[in-house]
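Hi,

Here is the structure I promised to pass on.

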Amino acid sequence: MPKYGHGPMAIDGVNEANVTAWFEANVDGAKAPLTFDLIAGGHSNLTFGVTDATGARWVLRRPPLGHVLATAHDMRREHTIISALGPTPVPVAPAIGLCTDEDVNGAPFYVMGYVDGNVIRDADAARKHLDEAGRRRASESVADVMADIHAVDVDAVGLGELGKKEGYIARQLKRWYSQFEQSQELTNRPVPLVHEVHDTLSACIPPQEGATIVHGDYRLDNCMLGYDYQIAAVLDWEICTLGDPLADVGLLMVYWNEANDTHDTLITASATTLPGFATRAELLERYAKTSGRDLSAIDFYVAFGYWKLACIVEGVYARYAHGAMGKPAEGFEAFATQTVRLADAAKAAVDKFA
């Protein structure tokens, strides 16, 4: 993979000369030279920090390197979402500019304002940046901001055509089950609970109460916490669409581990197992009070969240196992075990209502 830029500090994914020229023409106050550093990489969208000669900072997002599906890494879509949410109570980084001319950097990209704070990716980060009182305030902010996201009038902010509004869960079941079956063709191993849970979920989809923004991956580590322990910006709007807001709530419950959980489903140490963080029940109570939504069917959405992640993780395992992601990462076999654990957790959640 060729490096863009010049000199020993050239960085993959950024044509320094072209992007600097674009900044000077399109970003008020930007002063060359610019320096770039990779904040988040991998096989999702790439995120770079940008610093100019005066110390001013921005963030640049672009698709991953190599051949990608344009629909899966749509920079215009992400830029549109954060631009629309800027005037709402939902905290997002300010949208600065969008470049769709691929001659500039080999792919479209957009720039947003830099938001200072901490991303709490694991228990170590939580211990470092949050005391127990801070963990409680962060928990409350997670619930309140999720309610704010779901309260946005999508038509009023210009997002009414972001996706189909009705039948969200049925479409999601079809999409992820199809991907799971494709993965199974590669892995050729039985994970029968994924099939069983799919059939149960498909047979008892709750009525969808309204259509809202669905972030699609809303969790603590997809938020930037300010130094007041409140969410300063919700990040990673990559798979945002319209649909059933309770899908976000159910998935948050999946990620929000507790110390006494019997299902070990996550590979990394979950921050929310530490003292001070709210329990799942407390999060649900606060969200229900703030949003006014009926959460009586939440067990369905939790089961769906575990099941969806099982399908996604099996896909990751299949791609690693068959070389589609290059040289397999050390320990990639853990994804195979994680699929089974997630399927077990999905079945346990299904058993609460089916």
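Let's start with a word you'll need: a residue is called buried when its relative accessible area is under 20%. Keep in mind, too, that this is a predicted model.

Now try the word out on Met 253, which you'll find in helix H8. Its relative accessibility is 3%, so Met 253 counts as buried. Which residues does Met 253 touch, once you leave out those up to four places away in sequence? They are Arg 280, Leu 283, Leu 284 and Val 302.

Arg 280 makes a salt bridge with Asp 261, and their closest N and O atoms are 2.7 Å apart. Are the two partners buried or partly exposed? Arg 280 has 16% relative accessibility, so it counts as buried. Asp 261, with a relative accessible area of 28%, is partly exposed.

Next, the salt bridges in general. How many does a search of the whole structure find? It turns up 14. Here are two more from my notes:

- Glu 238 and Arg 61 meet through their side chains, at 3.9 Å from N to O. They also link distant parts of the chain, being 177 residues apart: Glu 238 sits in the loop between strand S8 (231–234) and strand S9 (241–243), and Arg 61 is in strand S3 (residues 57–62). Glu 238 has a relative accessible area of 19%, so it is buried. Arg 61 is buried as well, with a relative accessible area of 3%.
- Asp 217 pairs with Arg 219 in a salt bridge, where the closest N and O atoms are 3.7 Å apart. Both Asp 217 and Arg 219 are buried.

Salt bridges with shared partners connect Arg 61, Glu 78, Asp 236 and Glu 238 into one network.

Cheers

Technical notes:
Residues are numbered from 1 along each chain as its sequence is written. This is a predicted model: local features need pLDDT of at least 70, side-chain atom pairs count only at pLDDT 80 or more; totals for chains, interfaces and linings use all residues. Side-chain values use heavy atoms; hydrogens and water are left out. A salt bridge is a side-chain nitrogen of Lys or Arg within 4 Å of a carboxyl oxygen of Asp or Glu. Helices (H or I, at least four residues) and strands (E, at least two) are DSSP runs, numbered from the N terminus. Buried means under 20% relative accessible area, exposed over 50%, partly exposed in between (1.4 Å probe, protein chains only). Contact means heavy atoms within 4.5 Å.
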